[in-house]
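This report goes through one predicted model. It covers the sheets, then the nonpolar cores, then the aromatic side chains.

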Amino acid sequence: MVKATYRDEILAEHSNPVMVEGNYYFPPESVNKSLLASSDTSTECAWKGTASYYSAQIHGNNVKDIAWYYADPKTKASHIKDHVAFYKNKVTIE
């Protein structure tokens with residue numbers, strides 16, 4: 001089981017998240033979205049498409065852009081549509 005946590009709060013947990021470029025992408029149903037809020041941030045990846053971001057409000061801490069996902073990925077990244085990846089420098093992944 002792979003888990004993404006922030007200060008002992010489980011953000012996502014899944015037995016087989018998708019690994020892309022060294023990042024775990026958790027299926028949407030395995031993500032605790034009650035801890036996340038949409039961010040205004042977006043970035044472009046040449047082969048995956050436009051990434052949207054989530055920030056988190058946990059134990060009084062606002063963690064900006066803690067995670068990202070591709071709502072409408074390019075064809076080569078269609079297998080990670082709506083899957084959520086977390087920044088390794090902002091969460092613990094184990």
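Strands here are DSSP runs of E with at least two residues, numbered from the N terminus, and two strands pair if DSSP finds at least two bridges between them. The antiparallel strands β1 and β9 are joined by two bridges, and Ala-4 stands opposite Ile-93 in β9.

The model is predicted: local features need pLDDT of at least 70 and side-chain atom pairs count only at pLDDT 80 or more, while totals for chains, interfaces and linings use all residues. Residues are numbered from 1 along each chain as its sequence is written, and side-chain values use heavy atoms, with hydrogens and water left out.

## Six-stranded sheet

Another open sheet has six strands in the order β3-β4-β8-β7-β6-β5, again with antiparallel pairing. The edge positions belong to β3 (18-20) and β5 (36-45); each has a single partner strand, so one side of each is left without a neighbour in the sheet. On average, neighbouring strands of this sheet are turned by 35° against each other, direction ignored; the axes are lines fitted to C-alpha atoms, and angles between N-to-C directions run from 0 to 180 degrees.

Three bridges connect the antiparallel strands β3 and β4, with Met-19 opposite Tyr-24 in β4. Between β7 and β8 there are three bridges in the antiparallel sense, and Trp-68 has Ala-85 in β8 as its bridge partner. The antiparallel pairing of β6 and β7 runs over six bridges. These two strands form a hairpin with two residues between them, and His-59 in the turn has a positive phi of about 50°. Ile-58 stands opposite Asn-61 in β7.

## Nonpolar cores

The largest nonpolar core contains 19 residues, and Leu-11, Ile-66 and Phe-86 have the most contacts inside it. At least two of its residues come from each of β1 (2-6), β2 (9-14), β6 (49-58), β7 (61-69) and β8 (84-86). Strand β7 gives the largest share, four residues. A second, separate core has 10 residues, including Trp-68, Tyr-70, Ala-77 and Ala-85. A core is a set of buried Ala, Val, Leu, Ile, Met, Phe, Trp, Tyr and Cys residues joined through side-chain atoms within 4.5 Å. Buried means under 20% relative accessible area, exposed over 50%, and partly exposed in between, with a 1.4 Å probe and protein chains only.

Beyond its neighbours within four places in sequence, Phe-86 is in contact with several residues, among them Ala-4, Leu-11, Tyr-24, Ile-66, Trp-68 and Ile-93. Contact means heavy atoms within 4.5 Å.

## Tyr-24

Tyr-24 belongs to strand β4 (residues 23-26) and counts as partly exposed because its relative accessibility is 28%. With neighbours within four places in sequence left aside, its contacts are Val-2, Pro-17, Val-18, Met-19, Val-84, Ala-85, Phe-86 and Ile-93. Tyr-24 and Val-84 are 60 residues apart in sequence, with a C-alpha to C-alpha distance of 8.0 Å.

## Aromatic pairs

The whole structure holds five aromatic pairs. Rings of Phe, Tyr and Trp (its six-membered ring) pair if their centres lie within 6.5 Å; planes under 30 degrees apart count as stacked, over 60 as edge-to-face and the rest as tilted. Tyr-25 and Trp-68 form an edge-to-face pair because their planes are at 90°, with ring centres 6.0 Å apart. Tyr-25 is in strand β4 and Trp-68 in strand β7, so this pair ties together parts 43 residues apart in sequence. Both Tyr-25 and Trp-68 are buried, the latter at 8% relative accessibility.

Trp-68 also forms a tilted pair with Tyr-87, at 4.7 Å centre to centre and 50° between the planes. Tyr-87 lies in the loop between β8 and β9 (92-93), 19 residues from Trp-68, and is partly exposed at 28% relative accessibility. Ring pairs join Tyr-25, Tyr-53, Trp-68 and Tyr-87 into a cluster.

Lys-90 lies over the face of Tyr-87, 5.3 Å from the ring centre. A charge sits over a ring if NZ of Lys or CZ of Arg is within 6 Å of the ring centre and within 35 degrees of the ring normal.
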